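Thanks for coming. I have one model to go through today, so let me put it on the screen.

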Amino acid sequence: MAGTTASEYIQHHLQNLTYGQLPEGYERFDGTVLSETSWTIAQTAKEASDMGFWAIHVDSMAWAIGLGALFLFLFRIAAKRATSGVPGGLQNFVEVMVTFVDNSVKETFHGKNAVIAPLALTIFCWVFLMNLMDLIPVDFIPHLFTLAGFPFMKIVPTTDINVSLGMALSVFALIIYYSIKIKGVGGFVGELTLHPFSSDNFFLKLVLIPVNLLLEGVSLVAKPVSLALRLFGNLYAGELIFILIALLPFWAQWALSVPWAIFHILIITLQAFIFMMLTIVYLSMAHEDSH
């Protein structure tokens, strides 16, 4: 175990490998005092916290980018080897995924945009691969990295709120972009200020604008927040349960971890699907012209 107590063990497994800046005069975990401002790897949770906003979770970034590259690599191989004859296993899988996502987009998205289907496919496969890392035994990869000299290693990027929120904010940026592109600046501002309450009376309309802006603004901001928190919350809870199971005696671990892992397969797939579908729905709403 990483620590001498259950609490230390849990905290260790929930701590990201963090790279950031520590100020001059900072006293590190081993008692050494920095003679100058330094960029370094945090060796404790306190050091990671003291690095502030510009610190980078190296493990989340590395695993997320690596899994994204794996997705691109597998689909590129399938595309290059595609045949009209008897398809191989990889081609069959990719065709099923593309058909599934394409049908989901056709049923949900009511505008015309060639970006939506590839975006939905990327989101589903990428989020699923990141979620899938939660099924790897909690001590296996972190222990290997500990032997290599790394103090921490979290391998499930979606259990990091920064990753989940980063993806959600990217979707939010697309929502704003297409809302303005389709409806124009006036149409977009009108949606925020003239709905849901409106009136033919000019002065009453002016009075209702702040109320509408508050309601619609909250609704707009809630979209990326709900996207991020739903994904993060479900995967973080799943990871925490695996960690708690790992604290049990060996004979009990298998009795509990296998059923939970089987059930968790549904969770990781469902969360990838929900993230994809909500993205499609939000972008479909952004394409609806209010004029």
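**Salt bridges, a helix pair and a surface patch**

I'll start with a contact between charged side chains: Glu-47 and Arg-28 form a salt bridge, with 2.7 Å from N to O. Keep in mind that this is a predicted model. The two partners come from distant parts of the chain, 19 residues apart, with Glu-47 in helix α2, residues 45-50, and Arg-28 in the loop between β1 and β2. Are these two residues buried or exposed? Both Glu-47 and Arg-28 are buried.

The next one is within helix α2. Lys-46 and Asp-50 both belong to that helix and sit four residues apart, about one turn. Their side chains meet in a salt bridge at 2.8 Å, N to O. Lys-46 has a relative accessible area of 55%, so Lys-46 is classed as exposed, the cut-off being over 50%. Asp-50, at 34% relative accessibility, is partly exposed.

The last one I want to show joins Lys-154 to Glu-239, and here the N to O distance is 3.7 Å. Lys-154 has 4% relative accessibility and counts as buried. Glu-239, at 6%, counts as buried too.

Staying with helix α8, which covers residues 202-246, I'd point out Asn-212. Its relative accessible area is 0%, so Asn-212 is buried. What is Asn-212 in contact with, once neighbours within four places in sequence are left aside? The contacts are Leu-192, Thr-193, Leu-194, His-195, Pro-196, Phe-197 and Gly-217.

Now to a helix pair. Helix α3, residues 58-80, packs with helix α4, residues 89-108, at an angle of about 105°, and the axes are 9 Å apart. That angle makes α3 roughly perpendicular to α4, because 65 to 115 degrees is the range for that term. Which residues meet between these helices? From α3 there are Leu-74, Phe-75, Ile-77 and Ala-78, and from α4 there are Leu-90, Val-94 and Met-97.

On to the surface. A nonpolar patch is formed by Tyr-19, Trp-39, Phe-53, Trp-54, Ile-56, Met-61 and Ile-65, and together these residues have about 860 Å² of accessible area. One of them, Trp-39, is in strand β2, residues 38-41. Trp-39 has 46% relative accessibility and is therefore partly exposed.

Finally, the whole chain. The protein chain has nine helices and three strands, and along the sequence they run α-β-β-α-β-α-α-α-α-α-α-α. The C-alpha atoms fill a box of roughly 70 × 65 × 35 Å along the principal axes. Of the 291 residues, 40% are buried. Taking contacts between residues at least 6 apart in sequence, 68% join residues at least 24 apart. The accessible surface comes to about 16,200 Å², with 70% of that belonging to carbon and sulfur atoms.

That is what I have.

Methods:
Residues are numbered from 1 along each chain as its sequence is written. This is a predicted model: local features need pLDDT of at least 70, side-chain atom pairs count only at pLDDT 80 or more; totals for chains, interfaces and linings use all residues. Side-chain values use heavy atoms; hydrogens and water are left out. Patches are made of residues with over 30% relative accessible area and no salt bridge: like charges are joined within 9 Å, nonpolar side chains (Val, Leu, Ile, Met, Phe, Trp, Tyr) within 5 Å. Accessible areas come from the Shrake-Rupley method with a 1.4 Å probe; for residues, only the protein chains shown count as cover. A salt bridge is a side-chain nitrogen of Lys or Arg within 4 Å of a carboxyl oxygen of Asp or Glu. Helices (H or I, at least four residues) and strands (E, at least two) are DSSP runs, numbered from the N terminus. Buried means under 20% relative accessible area, exposed over 50%, partly exposed in between (1.4 Å probe, protein chains only). Axes are lines fitted to C-alpha atoms, for helices over the stretch in contact, and angles run from 0 to 180 degrees between N-to-C directions. Angles under 35 degrees count as roughly parallel, over 145 as roughly antiparallel, 65 to 115 as roughly perpendicular and the rest as oblique. Contact means heavy atoms within 4.5 Å.
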